[in-house]
Amino acid sequence: VAGNASKSTAGTWLANSDVRIKTEIHTVTDALEKLEKVRLVEFRYTDEYRASHPDIVDRAYLNIIAQEFAGAFPDYVKGSGEKLADGSEILQADSYPLTIYTAAAVQELDAAIKAKNALIDEQEEQIAKLNARLAALEEKNSDISSLRKHVEELERLVAQIASSKGGE
């Protein structure tokens with residue numbers, strides 16, 4: 001299909017995904033690292049390309065660069081069969097891996113957030129325990145200060161009594 005394709009209702013194009021037709025299944029990991037290798041771009045098609053494809057509107061588009069995308073997803077970049085004026089083949093890319101890797105990245109971020117929240121909860125619990133200990137120590141310190149004042153008062157009274165007996 002050149003240009004746009006459409007369906008009469010919203011929805012997705014389906015692909016066979018039955019486990020019974022798959023082998024060597026493994027969970028996608030390190031998705032964030034993989035996605036860091038992909039540059040998402042906004043661009044315009046060249047005047048020359050639009051001249052040979054009059055159905056392309058002169059506006060900004062969003063996508064990736066096939067040559068760069070091949071660095072992260074080499075199996076998803078192929079020749080289109082279409083040639084440029086210099087005879088080189090135009091590359092095309094299937095950006096579908098971005099959907100899967102983005103979903104995997106969201107899962108990774110969610111797991112990281114949950115792990116950090118668990119650590120924060122643990123630290124908050126430790127802080128609460130330390131605050132309780134501090135309050136108990138401050139209370140003991142207050143009791144000691146009160147006792148110290150009583151002892152000082154007693155010492156003052158004893159000294160006063162001793163000095164008044166010595167003066168008699």
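The following dialogue explains how to read selected features of this predicted model.

Q: What kind of model is this, and how are residues numbered?
A: This is a predicted model, in which local features need pLDDT of at least 70, side-chain atom pairs count only at pLDDT 80 or more, and totals for chains, interfaces and linings use all residues. Residues are numbered from 1 along each chain as its sequence is written, and side-chain values use heavy atoms, with hydrogens and water left out.

Q: Which residues make up the largest nonpolar core?
A: A nonpolar core is a set of buried Ala, Val, Leu, Ile, Met, Phe, Trp, Tyr and Cys residues joined through side-chain atoms within 4.5 Å. Buried means under 20% relative accessible area, exposed means over 50%, and partly exposed lies in between, with a 1.4 Å probe and protein chains only. Here the largest such core has 12 residues: A31, V38, I64, A66, F69, A72, F73, V77, L98, Y101, A104 and A105.

Q: Which helices each supply at least two residues of this core?
A: Helices are DSSP runs of H or I with at least four residues, strands are runs of E with at least two, and both are numbered from the N terminus. Helix 3 and helix 4 each contribute at least two residues of the core. The largest share, four residues, comes from helix 4.

Q: How many salt bridges does the structure hold?
A: A salt bridge is a side-chain nitrogen of Lys or Arg within 4 Å of a carboxyl oxygen of Asp or Glu. The structure holds eight of them. One joins R39 to E68, with the closest N and O atoms 2.7 Å apart.

Q: Why does the pair of R39 and E68 tie together parts that are apart in sequence?
A: R39 lies in the loop between helix 1 (31-35) and strand 1 (41-43), whereas E68 lies in helix 3 (residues 66-72), so the pair ties together parts that are 29 residues apart in sequence. R39 counts as partly exposed at 48% relative accessibility, and E68 likewise counts as partly exposed at 32%.

Q: Where do R50 and D47 lie?
A: Both residues lie in helix 2 (residues 47-52), three residues apart, about one turn of the helix. R50 and D47 form a salt bridge whose closest N and O atoms are 2.5 Å apart. R50 counts as buried at 19% relative accessibility, whereas D47 counts as exposed at 53%. R44, D47, R50 and D58 are linked in a network of salt bridges.

Q: How many residues apart are E125 and K129 in helix 4?
A: E125 and K129 are four residues apart in helix 4, about one turn of the helix. Their side chains meet in a salt bridge at 3.8 Å, N to O. K129 counts as exposed, at 53% relative accessibility.

Q: How many aromatic pairs does the structure hold?
A: A pair of aromatic rings is described by the distance of the centres and the angle of the planes. Rings of Phe, Tyr and Trp (its six-membered ring) pair if their centres lie within 6.5 Å; planes under 30 degrees apart count as stacked, over 60 as edge-to-face and the rest as tilted. The structure holds seven aromatic pairs. Among them is the edge-to-face pair of F43 and Y45, at 5.1 Å centre to centre and 85° between the planes. F43 is partly exposed at 22% relative accessible area, as is Y45 at 30%. F43, Y45, Y49 and Y61 form one aromatic cluster.

Q: Which charged residue sits over the ring of Y61?
A: A charge sits over a ring if NZ of Lys or CZ of Arg is within 6 Å of the ring centre and within 35 degrees of the ring normal. The charged end of R59 sits over the Y61 ring, 3.9 Å from its centre. K34 lies over the face of F73, at 4.9 Å from the ring centre.

Q: Which residues form a nonpolar patch on the surface?
A: Patches are made of residues with over 30% relative accessible area and no salt bridge; like charges are joined within 9 Å, and nonpolar side chains (Val, Leu, Ile, Met, Phe, Trp, Tyr) within 5 Å. L32, L109 and I113 form such a patch, with about 250 Å² of accessible area together; areas come from the Shrake-Rupley method with a 1.4 Å probe, and for residues only the protein chains shown count as cover. L109 belongs to helix 4 (residues 96-166) and is partly exposed at 43%.
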